[in-house]
Amino acid sequence: MIIENKNFDLKQIAESGQCFRMNPISQNKYYLIAFDRYLELEQLEEDVVEISCSEEDYNKIWKNYFHLDFDYGSIVDKLVSGTDNFLKEAAKYGKGIRILRQDPFEMLISFIISQNKNIPAIKSCIEKICEVYGNKTEDKTTGKVYYTFPTPNKLAEAKKEDLRALKLGYRDEYIIEASRAVYLGKIDLEALKACSHEEAVKTLKSIKGIGDKVANCISLFGLHHIEAFPIDVWMKRVLSEYYDNKFDTALYQGYAGIVQQYMFYYIRHVHGVNN
DNA sequence: ATCCAGGGAGCCT
DNA sequence: AGGCTCCATGGA
């Protein structure tokens with residue numbers, strides 16, 4: 001079905017570093033694996049996207065997933081007409097980005113894997129985990145075969161040596177411990193959606209292998225706390241090169257995570273990163 | 001070949 | 001609170 005929505009750009013979303021299983025098929029066309037489902041999307045024109053799903057699934061799942069009921073335009077307008085020159089350019093450049101509502105457990109594991117890796121390496125590790133611990137599935141609409149993201153149970157039972165064989169490095173025990181915490185109910189990810197961002201970060205950081213940055217990414221991309229503000233090497237670069245390390249997130253109270261995504265996406269572009 | 005990546009734990013001031 | 005060092009590995 002065809003979706004018309006402003007500030008909805010597949011390329012920008014796929015390259016924004018928040019999702020690791022959305023990749024190009026051809027020019028303007030992407031596939032996405034999320035919630036055990038496979039989806040194809042094509043950017044027909046600016047603000048017009050064709051999605052390979054029924055209207056029912058769109059309303060039930062994907063509208064929510066892409067945060068399409070939220071007005072990004074007013075935030076972009078505010079930044080573009082504001083006094084912060086870096087944000088002015090950043091918002092202009094990434095105005096089609098949306099913060100996805102992704103599966104919390106998938107984000108938990110994905111961002112544990114992400115530490116000290118570049119995005120292509122993260123993607124490759126995640127695909128390997130899915131191939132070994134996920135379910136092989138065939139999409140009825142397109143006939144494409146894909147692997148779902150593993151359940152907490154499956155990863156909780158994984159052996160350290162087996163994960164190490166997938167080249168996850170020292171993150172193997174972090175993954176197993178985090179999966180056990182979720183499987184055993186010590187960490188209730190659904191409950192963390194309902195509580196505050198600060199409380200969620202505090203709880204996530206109690207898991208070994210999760211520090212401030214990863215916790216903020218999980219909070220932003222998995223729990224949809226859009227006030228989260230993850231600071232990675234790219235954001236450190238922005239904050240020191242453009243703000244003398246004095247950026248005030250309080251100016252963007254309640255939606256700092258969206259501002260963060262514009263900054264992250266733009267600074268990588270400025271430095272010529274192409275993945 | 002060398003550097004670096006959507007970092008964090010452990011240890012030291 | 002802030003600064004080291006080490007960690008395992010692949011992409012650029």
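Predicted model: local features only at pLDDT ≥ 70, side-chain atom pairs only at ≥ 80, totals over all residues.
Figure 1. The surface near DNA strand C comprises 2 nonpolar, 3 polar and 3 charged residues. In this classification Ala, Val, Leu, Ile, Met, Phe, Trp, Tyr, Cys and Pro are nonpolar, Asp, Glu, Lys and Arg are charged, and the others, Gly among them, are polar. Residues are numbered from 1 along each chain as its sequence is written, chains are lettered from A and ligands numbered from 1 in the order in which they are written, and side-chain values use heavy atoms, leaving out hydrogens and water.

**Figure 2. Polar contacts to DNA strand C.** Sugar or phosphate accounts for 70% of the atoms of DNA strand C within 4 Å of the protein, and bases for the rest. A side-chain N or O atom of Asn118 lies 3.4 Å from a sugar or linking oxygen, and a polar backbone atom of Tyr170 lies 3.3 Å from a sugar or linking oxygen. A polar contact is a pair of N or O atoms within 3.5 Å; within protein, one must be able to donate a hydrogen and the other to accept it, and residues adjacent in sequence count only if both atoms are side-chain atoms.

**Figure 3. Charged groups over aromatic rings.** The charged end of Arg171 sits over the ring of Tyr170, 4.4 Å from its centre. Arg237 lies over the face of Trp234, 4.3 Å from the ring centre. The criterion requires NZ of Lys or CZ of Arg within 6 Å of the ring centre and within 35 degrees of the ring normal.

**Figure 4. Aromatic pairs.** The count comes to 21 aromatic pairs, defined as rings of Phe, Tyr and Trp (its six-membered ring) with centres within 6.5 Å; planes under 30 degrees apart are stacked, over 60 edge-to-face and the rest tilted. Phe35 and Trp62 form a tilted pair, at 6.4 Å centre to centre and 35° between the planes. This pair links Phe35, in the loop between β3 (29–34) and β4 (37–45), with Trp62 in helix α2 (residues 55–65), 27 residues apart. Helices (H or I, at least four residues) and strands (E, at least two) are DSSP runs, numbered from the N terminus. Phe35 is partly exposed at 32% relative accessible area, whereas Trp62 is buried at 1%; buried means under 20%, exposed over 50%, and partly exposed in between (1.4 Å probe, protein chains only). Tyr243 and Phe247 form an edge-to-face pair, at 4.8 Å and 70°, and both residues are buried.

**Figure 5. Salt bridges.** The count comes to 14 salt bridges, each a side-chain nitrogen of Lys or Arg within 4 Å of a carboxyl oxygen of Asp or Glu. Arg37 bridges to Asp57, with the closest N and O atoms 3.3 Å apart. Arg37 lies in strand β4 and Asp57 in helix α2, so this pair ties together parts 20 residues apart in sequence. Glu40 and Lys144 form a salt bridge at 3.2 Å between the closest N and O atoms. Glu40 is buried, at 11%, and Lys144 is partly exposed, at 37%. Lys29, Glu40 and Lys144 are linked in a network of salt bridges.

Technical notes:
Near = heavy atom within 4 Å.
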